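Reader: I am new to this structure. Please show me it first, then take one part of it slowly.

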Amino acid sequence: MFWTRKKNKKVTEDHGAATPNDPQLLRAEVDQIKWWHPIDLGGGIVTPGIDVTPARLAEIRMPDDLSGLTVLDIGAWDGFFSFEAERRGARRVLAVDSFCWDGGGWGTKKGFELARRTLGSRVEDKWIEVLDLSPDTVGVFDVVLFLGILYHMKHPLLTLERVASVTKRQLIMQTQVDMLAVDRPAIAFYPGSELGGDPTNWCAPNPPALRAMLETVGFRKIEILSKSFPDHVPMETLNTIRPNHVTLHAWK
Ligand SMILES: C[S@@+](CC[C@H](N)C(=O)[O-])C[C@H]1O[C@@H](n2cnc3c(N)ncnc32)[C@H](O)[C@@H]1O
């Protein structure tokens, strides 16, 4: 699996197809999709996502009340965190992604679209590469979610520069870390499949490097919430992630 790089790809708006009122039909549609996020669609139907997303939701400490705020969810995939931000009152949520919405890799956009229809959500979507994020392409957002993405990027500092450019107030981030025995800022580079056997993983900083990079791109306050998240992904279901994660909040 390799990340694709496609520019200016158009994503068709998916407000057309009706959501089945019949739980059996909905269940059948859900069963045809490969899910990352477990999403409660109501009526006793929870999508069979392989990620431990509810536990991660507690970990990231998303503000309970997002009333009046705008939220950008980078690498949203099935959209669990986007829908949760909307549920918490965000006035506008934009979900963006590229690779997993193309259908050539781990998943598709079908889960996001089905969940949005079923939940009656107004979350907006845009196909865009992380490195193409800018105030011109997407605008700026009060709160930016950047969860599980940095280690997939070849250019970590440039990536954080782009992320900072679209963050007005607060960044909520979760990522893989490495080089934990090193006190100075250090970044591990994985030219092959060293991290979890997954060639789409490129690098992982240690916490001092993460802090220093965030400060370099303009965040003035950084709070590391947790330095380890051993049960992030059950290894028996997805052999791509190693259990060293940092969750943090950063403010402009
Ligand atoms: C490990 S998943 C994390 C999904 C979700 N944010 C979460 O925390 O559950 C990584 C996501 O980032 C997206 N992604 C990876 N590289 C990307 C890039 N260069 N541009 C846009 N999205 C990217 C993938 O398509 C995928 O949806």
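Reader: Which side chain meets that of Arg116 in a salt bridge, and what is the N to O distance? Please look closely at the charged pairs and at the parts around them.

Author: This is a predicted model, so local features need pLDDT of at least 70 and side-chain atom pairs count only at pLDDT 80 or more, while totals for chains, interfaces and linings use all residues. Residues are numbered from 1 along each chain as its sequence is written, and side-chain values use heavy atoms, with hydrogens and water left out.

The partner of Arg116 is Asp125, at 2.7 Å from N to O. A salt bridge here means a side-chain nitrogen of Lys or Arg within 4 Å of a carboxyl oxygen of Asp or Glu. Side chains of opposite charge can pair when their charged atoms come close. Arg116 and Asp125 are both buried. Buried means under 20% relative accessible area, exposed means over 50%, and partly exposed lies in between, with a 1.4 Å probe and protein chains only. The rule gives ten salt bridges.

Another of them joins Glu29 to Arg117, at 2.9 Å from N to O. Glu29 belongs to helix α1 (residues 23-31) and Arg117 to helix α5 (residues 110-119), so this pair ties together parts 88 residues apart in sequence. Helices (H or I, at least four residues) and strands (E, at least two) are DSSP runs, numbered from the N terminus. Glu29 is partly exposed, at 25% relative accessible area. Arg117 is buried, at 17%.

Now look at the two helices themselves. The axes of α1 and α5 come within 10 Å and cross at roughly 155°. Axes are lines fitted to C-alpha atoms, for helices over the stretch in contact, and angles run from 0 to 180 degrees between N-to-C directions. α1 and α5 are therefore roughly antiparallel. Angles under 35 degrees count as roughly parallel, over 145 as roughly antiparallel, 65 to 115 as roughly perpendicular, and the rest as oblique. The crossing of α1 and α5 is left-handed. That word applies if the near helix is turned anticlockwise from the far one by less than a right angle; clockwise makes it right-handed. Leu26, Glu29 and Val30 of α1 meet Leu114, Arg117 and Thr118 of α5. Contact means heavy atoms within 4.5 Å.

Move on to Asp64. Asp64 bridges to Arg88, with the closest N and O atoms 3.5 Å apart. Asp64 sits in the loop between α2 (53-60) and β3 (70-74), and Arg88 in the loop between α3 (80-87) and β4 (92-97), so the pair ties together parts 24 residues apart in sequence. Asp64 is exposed, at 67% relative accessibility. Arg88 is buried, at 16%. Shared partners join Asp64, Glu84, Arg87 and Arg88 into one network of salt bridges.

Just after α3, Gly89 has a positive phi of about 100°.

The neighbour α2 deserves a look too. The axes of α2 and α3 come within 11 Å and cross at roughly 55°. That makes α2 oblique to α3. Their crossing is right-handed. On the α2 side, Thr53, Arg56, Leu57 and Ile60 take part; they meet Phe80, Phe81 and Glu84 of α3.

Next comes the sheet. Seven strands form it, open and with mixed pairing, in the order β5-β4-β3-β6-β7-β11-β10. The strands β5 (124-127) and β10 (221-226) stand at the edges with a single partner each, so one side of each has no neighbour in the sheet. From one strand to the next the twist averages 20°. Two strands pair if DSSP finds at least two bridges between them. β10 and β11 (residues 245-251) run antiparallel, joined by five bridges. Glu223 stands opposite His249 of β11. Helix α7 (residues 207-216) lies across β7 (167-176), β10 and β11, at about 150° to β10.

Last, the whole protein. It holds seven helices and eleven strands. Of its 252 residues, 53% count as buried. Among contacts between residues at least 6 apart in sequence, 67% join residues at least 24 apart.
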